[in-house]
Amino acid sequence: INAEYMGLFNNAAQHFNHSFYWKCLTPNGSSMPDSMKEALSKSFGSVEAFQSEFSKSALANFGSGWTWLASQDGKLVIVNTSNAEVALKDGLKPILTCDVWEHAYYVDFLNRRDSYLESFWKIVDWEAVSANL
């Protein structure tokens, strides 16, 4: 990205990232459709294995950024992006994202990102996420 446009990119990307993040959540969570369970099991072995791998990736995402479940060439993958980077930039199709910027969890969880991630799974809107498949 041309340095001249970096400010514009950062703002547009963060708008996209945050909008996508909020669409993946609902106050009380939702049950996971069978199609989502099947897709996660095919790529990661089980839903539990996916959640564990996703959480580990989010915990390891240094500094501020995003952890994504995305589709790449028809396969589900977990990727981390830093700062305002978006999964779209790398040709990935976003399915689910988790905001791991400190502002996303510090008020409720202080610096306990692991506790934030445990709570994150309770509010995922699996109906909305599965529509992104």
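This is a short tour of one structure, stop by stop, with something to select at each.

Before you start, note that this is a predicted model, in which local features need pLDDT of at least 70 and side-chain atom pairs count only at pLDDT 80 or more, while totals for chains, interfaces and linings use all residues. Residues are numbered from 1 along each chain as its sequence is written, and side-chain values use heavy atoms, with hydrogens and water left out.

**Stop 1: the aromatic rings**

Select F16, F20, Y21, W22, W66 and W68, which form one aromatic cluster. A search of the whole structure finds 14 aromatic pairs. Rings of Phe, Tyr and Trp (its six-membered ring) pair if their centres lie within 6.5 Å; planes under 30 degrees apart count as stacked, over 60 as edge-to-face and the rest as tilted.

**Stop 2: helices α2 and α3**

Now show residues 34-44, helix α2, together with residues 47-60, helix α3. Helices here are DSSP runs of H or I with at least four residues, strands are runs of E with at least two, and both are numbered from the N terminus. The axes of α2 and α3 come within 8 Å and cross at roughly 70 degrees. That makes α2 roughly perpendicular to α3. Angles of 65 to 115 degrees count as roughly perpendicular, under 35 as roughly parallel, over 145 as roughly antiparallel and the rest as oblique. Axes are lines fitted to C-alpha atoms, for helices over the stretch in contact, and angles run from 0 to 180 degrees between N-to-C directions.

The crossing of α2 and α3 is left-handed; that is, the near helix is turned anticlockwise from the far one by less than a right angle, whereas clockwise would be right-handed. Which residues make the contact? Pick K37, L40, S41 and F44 on α2, then V47, A49, F50 and E53 on α3. Contact means heavy atoms within 4.5 Å. By class, this contact has five nonpolar, one polar and two charged residues. Ala, Val, Leu, Ile, Met, Phe, Trp, Tyr, Cys and Pro count as nonpolar, Asp, Glu, Lys and Arg as charged, and the others, Gly among them, as polar.

**Stop 3: from α3 to α5**

The axes of α3 and α5 are 10 Å apart, at an angle of about 145 degrees, and the crossing is right-handed. Select F54, S55, A58 and L59 in α3, which meet R113, D114, L117 and F120 in α5. The residues of this contact divide into five nonpolar, one polar and two charged.

Is R113 buried or exposed? R113 counts as buried, at 10% relative accessibility. Buried means under 20% relative accessible area, exposed over 50%, and partly exposed in between (1.4 Å probe, protein chains only). Leaving aside neighbours within four places in sequence, R113 touches A58, L59, N61, G63, V100 and Y105.

While α3 is on screen, select S57 in that helix. S57 is buried too, with a relative accessible area of 17%, and beyond its neighbours within four places in sequence it is in contact with T67, I78 and N80.

**Stop 4: two loop residues**

Finish with D73, in the loop between β1 (65-72) and β2 (75-82). D73 has a positive phi of about 55 degrees although it is not a glycine, and it is exposed, at 83% relative accessible area. Then go to L110, in the loop between α4 (106-109) and α5. L110 is not a glycine either, yet has a positive phi of about 55 degrees; at 42% relative accessibility, L110 counts as partly exposed.
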